[in-house]
Amino acid sequence: MIDRTLLALRQIPRILSIAGTDPTGGAGIQADLKSIAANGGYGMAVVSALVAQNTRGVRSVHIPPIAFLREQLNAVSDDVTIDAVKIGMLAQLDVITEVRDWLSRCRPPLVVLDPVMVATSGDRLLDPAAEQALRDLILQVDLVTPNVPELAILLGERPAANWAEALEQGKRLSDSTGATVLVKGGHLNETSCPDALVNTNGRLAQSVVEVALPRIRTTNTHGTGCSLSSAMATVQARTGDWAQSLAEVKDWLQDALAHADELGVGQGNGPIHHFHRLFADSAGTSPIPAGSAAFSSTPTFSSTLWRDVELTRLQIFDLPFITDLGSGTLAEEDFSYYLAQDALYLGTYASVLARASELAPTASAQCFLADSAARCRDVELELHRSWLGQQPEPSEAGPVTTGYLEHLLAAGAAGNYAVLLAALLPCFWLYANVGDRLHAAYLSRTETAAHPYAAWLETYSDEEFAAATKQAIALTDDVAATASNAERAAMRQAFATSARFELDFFDAPRQLVRA
Ligand SMILES: Nc1ncnc2c1ncn2[C@@H]1O[C@H](COP(=O)(O)OP(=O)(O)OP(=O)(O)O)[C@@H](O)[C@H]1O
Ligand SMILES: Cc1ncc(COP(=O)(O)O)c(N)n1
């Protein structure tokens, strides 16, 4: 393997995709370019194969002359410094050989290989006679991203029947090649969609780094593998940290899948929505930082806060409470417990917002926080009117609610406005993020059976709340701009603690109702 210890990180990395085409834009090189851009990179493309395909299947494949592939590769590398390469469909032996020789000559600092063999539609995209050459190519790459069937073919084994077997296969592939293997759970029929980076040669802090997120109910998954691998190349070239790259990319891909059905492209397995965040950001409805804030060379303070809690956020989405709420299988008593605790929480949260309003340095911040406190009371009352009316309400706050409120009340009592605002922010931001995803997943349901939490999910994503979240984020950035280093550190601490409480809050019904 090429020694890539001297990877130069770049804010807008220049990423070359070498892959086949998809004229409907969902997979292959078209998906790669979208994915690279959506993740903050500059995309370049060398076409290895022209594929006449659509969302329903592959019709034919045309491989341009190998000399022309060489011309394309050299045209790029003779002129542009390449920060990372993503390799997708290579189709046949002579294409693999040409790409391998070019890699040996150019030695790009980072190479990700998606060993494309068969399309979602079942059509073959790699000549079986070229499988050994593709295996050998892994020796020249940093990351290889096989799906479950591809992993089996690369090892000459049977496909893994479950996640534990897939991980074992990932370890064997990493053992024998030295590359890091991104084992993907998309093809396993489990409710969760786990992915894991596996390296048995000490190149990661742990030999397995896993990120699991709920499976999204959509048939529009065309090109997820292409998009994932090119996003990994892009984010890794920017951050230099594989585990962080996987967390960031999974988070992005989840939204792209959750909003895939909005595109309405084709009659088969349609594409994912690569630019969902950008569109939501320009519409003013994005609950998360997108575009400039996320990729800027001077990241905003709030995007640092958001990254600090990346793992906590992903853990929220994998909680049984959230997945069961989405699928409608959540036990009624768990839901009631959550709502009752939420109502108790909101009452005090509103008082802490009012306290922040007293401390706020500007009239507009005072108004916004006082207004938010009033809205919070409205939501609390509405909860009682529409959901809790018939339910016996617990008279006492549970341990998580108590812990969370003590944390907020302590920040209010300490009287530092900046730290208090940071402690209050996760309740806006994480709630908006969870709401956005659950709502999108709810809208994309294809089953006609009644959903027991339909009324709740229908109102979960609210544009006004998204706008308020944006304002709370902006206020936090404003105050951080003039805060001391010690205050900024305390803000990060307060934000991360509240985020942790948000996670525990969603998990409390399972922990306590079942205890
Ligand atoms: N329904 C889903 N919900 C959430 N994540 C998914 C879903 N389907 C696939 N993924 C994720 O998409 C990525 C691609 O996974 P998959 O195992 O499907 O690879 P692939 O077969 O190479 O993709 P492709 O669909 O492009 O062939 C992984 O991160 C996987 O976890
Ligand atoms: C050019 C090209 N490359 C890769 C894929 C695999 O993507 P999927 O498995 O989602 O069809 C594809 N269909 N076309």
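The shell around ligand 2 contains 8 nonpolar, 9 polar and 1 charged residues, where Ala, Val, Leu, Ile, Met, Phe, Trp, Tyr, Cys and Pro count as nonpolar, Asp, Glu, Lys and Arg as charged, and the others, Gly among them, as polar. The model is predicted: local features need pLDDT of at least 70 and side-chain atom pairs count only at pLDDT 80 or more, while totals for chains, interfaces and linings use all residues. Residues are numbered from 1 along each chain as its sequence is written, and chains are lettered from A and ligands numbered from 1 in the order in which they are written.

Ligand 2 is surrounded by 18 residues, the closest being Gly-20, Ala-27, Gly-28, Ala-119 and Thr-120; a residue is taken as near a molecule or strand if its C-beta atom, placed from the backbone, lies within 6 Å of it. At least two residues of this shell come from each of strand E1 (14-20), strand E2 (42-54) and H7. Helices (H or I, at least four residues) and strands (E, at least two) are DSSP runs, numbered from the N terminus.

Around ligand 1 there are 20 residues, with Asn-147, Lys-184, Gly-186, Ile-216 and Gly-225 the closest. Strand E8 (192-198), helix H7 (224-239) and helix H8 (242-258) each contribute at least two residues to the shell around ligand 1, and H7 gives the most, with 4 residues. By class, the shell around ligand 1 comprises 7 nonpolar, 10 polar and 3 charged residues.

The protein chain is divided into domain 1 (14-259 + 272-277) and domain 2 (301-513), with bounds taken from an automatic or database domain assignment. Their C-alpha centres lie 36 Å apart. Contact between the domains involves 17 residues of domain 1 and 15 residues of domain 2, two residues being in contact if their C-beta atoms, placed from the backbone, lie within 7 Å. On the side of domain 1 that touches domain 2, strand E9 (208-214) and H8 are the elements that give two or more residues. The largest share of that side, 7 residues, comes from H8.

Thr-323, in helix H13 (residues 320-327), is in contact with Thr-191 and Pro-214, leaving aside its neighbours within four places in sequence. Thr-323 counts as partly exposed because it has 19 C-beta neighbours inside 10 Å; a residue is buried if 20 or more other C-beta atoms lie within 10 Å of its own, exposed if 12 or fewer, and partly exposed in between, with C-beta atoms placed from the backbone.

The largest nonpolar core has 145 residues, of which Leu-421, Ala-422 and Leu-424 touch the most other members. A nonpolar core is a set of buried Ala, Val, Leu, Ile, Met, Phe, Trp, Tyr and Cys residues joined through C-beta atoms within 7 Å. Helix H17 (residues 417-443) supplies the largest share of this core, 19 residues. At least three residues of the core are drawn from each of domain 1 and domain 2. Not counting residues up to four places away in sequence, Ala-422 touches Leu-305, Thr-476, Met-491, Ala-494 and Phe-495.

Most residues other than glycine have a negative phi. Ala-91, although not a glycine, has a positive phi of about 70°. Ala-91 lies in the loop between strand E4 (84-87) and helix H3 (93-106) and counts as buried, with 20 C-beta neighbours inside 10 Å. A positive phi of about 45° is found at Arg-107, which is likewise not a glycine. Arg-107 is placed in the loop between H3 and strand E5 (111-113) and counts as partly exposed, with 14 C-beta neighbours inside 10 Å.
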